[in-house]
Structure formats: structure tokens, C-alpha cells
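Please open the model in your viewer and keep the selection tool at hand. We will go from stop to stop, with a short note at each on what to select.

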Amino acid sequence: MLLDESLVEKTKSGNKQAFEELVRRYRDPVYFTIMHITKDPQDIDDIFQEIFLAAFRSINRYDPNRVRFRTWLFSIVKDRIDSYRRPKVQLILMEEFLNEMNVSRRQGIGDSFAAAGTEQALQSAILSFSEEQRLCITLKIIGGLSYEEIAKIASIPVETVKSRISSARKNLTKRILYPLGRDASCSVIK
Amino acid sequence: MQCYQVEENLSAYLDGELKSVEHQEIVEHLKVCHSCAKILDDFSSLEPILVIPQKFNVPADLAQRLEHALDNEFERVYGDAKTLISNLSFFRRRKGSSGGKEHINKSRKQRPIPRFIIAASILAIIFATIAIASTENIIGFSGNHKIRKTQESRQWPENVVVGDVDDNFIRILSGERNVKPENIGYAAIVTVKSIDEAKKRLFYDFPVPTNTGGRKLKGTYIEDNSTLYIAYEGGIVIIYHAGYRLDVDEALKSHPDLFEVNIRGQRALARERGLKENPQEPRASESLGWSENGLHIAIYSYKDTGVEELIKIAESMK
């Protein structure tokens, strides 16, 4: 399997299949991340498409010697989610025009999840976290990113990433393993 | 290490993020501390669910829409160019622009370009791109202190280029977005010196008005390397947004206050609100929008310029 960075180089040379492969590799984790961080489910589809279009448009500015492709891509993910977090992100009138693109809206964040109880519990637990914690734990869940890379994406110090992931784990332990408050012997969930 | 220190580090320990000394200290502590070992057990039992669920997929319809959007984008950027050089030169010779690409293709038919020249060209382009990017990062953009302050309060991801923006533009944009002017710094907006400069920086070609009724250019701005704003005197702002297509019929159905007009053969939508300039009213007074060559173009009036005037400006665009 080709490295992401090799696919990037091919994309820069006009190889469409190379970028399509990158999209195939990252569309699920990107979508997963957006779903867990974005407050408004109606923005998910728009953000998702914009991320890959933005990545394609700026791929010539990506320098593989500075960061890995996935770090760069998830920086775009974070930027885009941030931009939608503004009180009213789209130009109001433009949004009215663009809203007519017949983009089908997701009814709820959980649509794509299997009905299995644990996954729902995980999802609901993550959504109850602070935005900062959600970003760190979601980037951890999608896998393949070191704390240093998560720090770069989130624009925070590595130590902060470490403590946010740690508290997210403590919260998850409390909510998923001991939802009824059992096992008081576990000091972290007291 | 004390228990509280171990607890703080257990999560990073599980992720293999500790230095070897700390790692070893925790290993030793866990051998003798049942309480901390229990916490680690709990963390470990969560690991199987801290992954993307197997059944999780992007909805098929969304994946398909993305595929189409990327197809269009690819076609727009690369067109039917077959040569490596023209592919790499899409910054400067966009599809539909005059000269360049056709000339190169013609030259290749007559005498193939040696491989070493292609390689040298690729290197030159790569170095030039890196050099331009580095220069921007070093020099930055001079000007607005208010925005600069906002930028300094935040660490920007590496891929975002942030510049200063003109006060007039800030007023317009902050009004449209219902945010305080100081928060506009959150957007990745750069001021470019001229429309020609914008053409060099953007990945698409765009038409500009040849007749603005004597209104002078106030500023040209690019956001996220994709959206272009051109502001003229008299509160006229033209916005170019790549990658969207306006569905006129749907818009007319769902927005009774819109009406259809024709701009150089394109179906366009207009809205006439008849508002005078009002700082309390963030929306534009009149607006006009249409799709053209993969771009959504919209013209807004923030003062008392009527739709007829906006149509004249749109019709003069080349």
C-alpha cells in the first residue's frame, strides 16, 4: 500500500485516482470526527464536503517534510469545524442561496451508528464532554495520531492533550463501565 | 511515584506516550499498587470501544456527492490537460484562460520536451511554491492592529494563512456574520493587493466588472484560499464561492421574495429589500446571485444601491 505522502505527490501531478484513494482512506475518520465535535447535525454534510475540497485545493501547499498528511488533513478538519462554530458562520444571504442545493440533512447525529448499546453509550458520553475534550478523545479514537500530532492539530500543548485524554478516559469509565455508580473502589470515579 | 502522579499518567502510559523512565516507574508502581492497577484495568477494558465502530461508514449518498464534487473540482482545475507541465502549472494557466496551455500542448507535438527539463521544471515549481509560502509566513501582512491582536491571542494551524483586513470589510463581514468585529480574526482571511494578485493566488478564474458606475475598488480579500471578496465604494461587495451551484428552481420555490433575472445568459436570483444603510441591520439591502463556470457569484449592496444597478454591474463582468 502506498504511503499517504506518495499519494499526495501523485495528486500534485494530476493523478485523480491518488486523491480518490486518500479520500477513501480518510472519509470515515473525518466523518466520525465531525459527528462527534460539531454541535449542529445540519452542518455535518457541508463541513465534510468542504474539508476534502479544501484539502484538494490547497494540496500544493502541503509540505510532507513538515507534518504527516493525516495531521495536515485533520488540521483542516479542525479549522472547518471551528469556522462553523462561529455564531453565524455563513454569510446570511449566501447561505440562503446555497441552502437550495438540496443537501439532505441528517436527522440526528446517531444515524450512522449501529444500534449496539455500547457504541451509543460511547457516543452519548463523548457528546457530553467539553468541546476541548471531545476533540482530543475523538482524534485519539480515529487512531494513528500521536499526542504531539493531536497537539498540533488542536493548537494546544502536548501536556494539555495528555490531561484531556486522561480526563476523557476517566469520564468514560464512569459513564460506561459504572453508569450506576457501582464499584466505589475505583478512586478516579468517586 | 505517588498514586496521584501515576493516575495522571496512566492514560498516556496506555497510549505508549511516556518517556521510558516514567514508563518504567509506572510498571514498578503497578506491581505493588492494587488501586492503580484497577484503574488501568478499567482504562484497558474501554480500549476495544475506543475505535471507530466497524459498522461506521459515511452515508452512501454523501460519499457519492463528495465524489461528484471532487470530479467537478478536478475537471475545473486540470481540465483535459494531458501533459505533466500543464498539470503542474494550473495555478497560472487555469482552464479557460488564454494562451499558455494551448501553446505548451502545441509545442509538445512538434518537439517532445526532454525529461530532464520536465524534472527541472517540477523542482523549480516546487521550490517556487515553497519559497512563496515561506515568504508569506515570514513577512505576514502589515496593517490592522485590531485584527493582529486577535490573531496573536490564538495559535494558528500551520496550513492557515492569516492576514489583516480592512476596517470597512470587517464591518461588512462582522455584520453579515452577527459577530463582533474582533472575532472576525477567527476567519482565515487575507487581503490581496489587487484583483490580478487574487487571480494568481486562487485556483479558479473569475469574471470582474468592467463598469461599476464610477465606484472605485475598496479592497480584495481571500478567505481559506477559496472564497474571494471584492469590495467597491458605495457598499457593493462581490463574493465568489467555488464549488457551489445554485439551484434556481428550488430557490424560487422555497424563497418567495426572490425573483429571477438573466445575467449574461445565466439564470440568476435577485432580492430587493429596499433598505437604506443601517448599522443595526446586518443584512445587505439588495442582492443578486448566480452560478457560472463552477462558481457561485453574489453581489450585495449594503447601502441604497438598487437591484437594477447590481444587474448592470453583473452584466459588465468579464
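**Chain B as a whole**

Start by selecting chain B: among its contacts with a separation of 6 or more, 51% are between residues 24 or more positions apart, a contact being heavy atoms within 4.5 Å. This is a predicted model, in which local features need pLDDT of at least 70 and side-chain atom pairs count only at pLDDT 80 or more, while totals for chains, interfaces and linings use all residues. Residues are numbered from 1 along each chain as its sequence is written, chains are lettered from A and ligands numbered from 1 in the order in which they are written, and side-chain values use heavy atoms, with hydrogens and water left out.

Now colour by secondary structure, and chain B shows 12 helices and 8 strands; these are DSSP runs numbered from the N terminus, helices being H or I with at least four residues and strands E with at least two. Of the 318 residues in chain B, 48% are buried, where buried means under 20% relative accessible area, exposed over 50% and partly exposed in between (1.4 Å probe, protein chains only).

**Helix H1 of chain B and its surroundings**

Select residues 3–14 of chain B, which form the 12-residue helix H1. From first C-alpha to last, H1(B) reaches 16 Å, close to the 16 Å expected at 1.5 Å a residue; the expected span is 1.5 Å times one less than the number of residues. Among the buried residues of H1(B) are B:Val6, B:Leu10 and B:Tyr13. What covers them? For the buried residues of H1(B), the cover includes helices H8 (147–154) and H9 (158–177) of chain A, along with H2 (20–32) and H3 (34–46) of chain B. Just after H1(B), pick B:Gly16, whose phi is positive at about 65 degrees.

Next, go to B:His29 in helix H2 of chain B. B:His29 counts as buried because its relative accessibility is 12%. Leaving aside neighbours within four places in sequence, its contacts are B:Met1, B:Gln2, B:Cys3, B:Val6 and B:Cys36.

**Charged pairs**

Over all chains there are 23 salt bridges, each a side-chain nitrogen of Lys or Arg within 4 Å of a carboxyl oxygen of Asp or Glu. Show A:Arg25 and A:Asp4, whose closest N and O atoms are 2.7 Å apart in a salt bridge. This pair links distant parts of the chain, 21 residues apart, with A:Arg25 in helix H2 (residues 16–37) and A:Asp4 in helix H1 (residues 4–12) of chain A. Both A:Arg25 and A:Asp4 are buried.

Now display both chains and find the salt bridge between B:Arg65 and A:Asp45, with closest N and O atoms 3.2 Å apart. This pair crosses between chains, from helix H4 (residues 60–78) of chain B to helix H3 (residues 44–57) of chain A. Which partner is buried and which is partly exposed? A:Asp45 is buried, with a relative accessible area of 1%, whereas B:Arg65 is partly exposed at 22%.
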